[in-house]
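Please find my notes on the model below, as numbered points.

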Amino acid sequence: AVLMTNFSRILNALTGMFSDDRNKYIDSLNHYSLLIIDDLGTELVNTFTTSQLFYVVNERLNRKKGTIISTNLPAAELKQRYSPQIASRLLGVYECYSFAGDDIRMLK
């Protein structure tokens, strides 16, 4: 099974949950063989955001689950915006591909 979402939606689901419920929700994401997180970097970044992103990414890596993350942020900004632990996982473990071209939404 595949889930495509964005990190803002994941954060919205986690907001207001107690720790055990957050853990259960993040564990539920691991039921998907592939998780696609679209537009990472559009969410408000704070300590809660950063800790939850680390937990999601790290759990999927530890469980050897497929994850695709898209972002418009360059590598240097990912390092600056998120913790060194997150940046090392995103930039050191995942294969990074750069796609360039015109924004199709702006062309319409």
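1. Leu90 touches Leu40, Val57, Ile69, Leu78 and Cys96, not counting residues up to four places away in sequence. Contact here means heavy atoms within 4.5 Å. Leu90 sits in helix α5; helices (H or I, at least four residues) and strands (E, at least two) are DSSP runs, numbered from the N terminus. With a relative accessible area of 7%, Leu90 is buried. The cut-offs are under 20% relative accessible area for buried, over 50% for exposed, and partly exposed in between (1.4 Å probe, protein chains only). Leu90 and Phe54 are 36 residues apart in sequence, and their C-alpha atoms are 9.8 Å apart in space.

2. On the basis of these notes: this is a predicted model, in which local features need pLDDT of at least 70 and side-chain atom pairs count only at pLDDT 80 or more, while totals for chains, interfaces and linings use all residues. Residues are numbered from 1 along each chain as its sequence is written, and side-chain values use heavy atoms, with hydrogens and water left out.

3. Helix α1 (residues 7-14) packs against helix α3 (residues 47-62) at an angle of about 105°, with the axes 11 Å apart. Axes are lines fitted to C-alpha atoms, for helices over the stretch in contact, and angles run from 0 to 180 degrees between N-to-C directions. α1 and α3 are therefore roughly perpendicular to each other, a label for angles of 65 to 115 degrees; under 35 counts as roughly parallel, over 145 as roughly antiparallel and the rest as oblique. From α1, Phe7, Leu11 and Leu14 meet Phe48, Thr49, Gln52, Leu53 and Val56 of α3. The residues of this contact divide into 6 nonpolar, 2 polar and no charged. In this scheme Ala, Val, Leu, Ile, Met, Phe, Trp, Tyr, Cys and Pro count as nonpolar, Asp, Glu, Lys and Arg as charged, and the others, Gly among them, as polar.

4. Leaving aside neighbours within four places in sequence, its contacts are Phe7, Leu11, Leu14, Arg22 and Ile26.

5. Asn30 is in the loop between α2 (19-29) and β2 (34-40). Asn30 is buried too, with a relative accessible area of 5%. Apart from neighbours within four places in sequence, Asn30 is in contact with Glu59, Arg60, Arg63 and Lys65.

6. Two backbone angles deserve a look. Most residues other than glycine have a negative phi. Asp39, in strand β2, has a positive phi of about 60° although it is not a glycine; at 28% relative accessibility, Asp39 is partly exposed. Lys64, in the loop between α3 and β3, has a positive phi near 55° and is exposed, with a relative accessible area of 74%.

7. The largest pocket has a volume of about 910 Å³. Of the 26 residues that line the largest pocket, the closest to its centre are Ile69, Ser70, Thr71, Tyr97 and Phe99. A pocket is an open set of points on a 1 Å grid over the protein atoms alone, where a 1.4 Å probe fits, with protein on both sides within 12 Å along at least five of seven lines; lining residues have an atom within 4 Å of a point. Grid points are joined across faces, edges and corners, and a volume is the space filled by probe spheres set on the points. β3 gives the largest share of the lining, 5 residues. The lining residues divide into 14 nonpolar, 6 polar and 6 charged.
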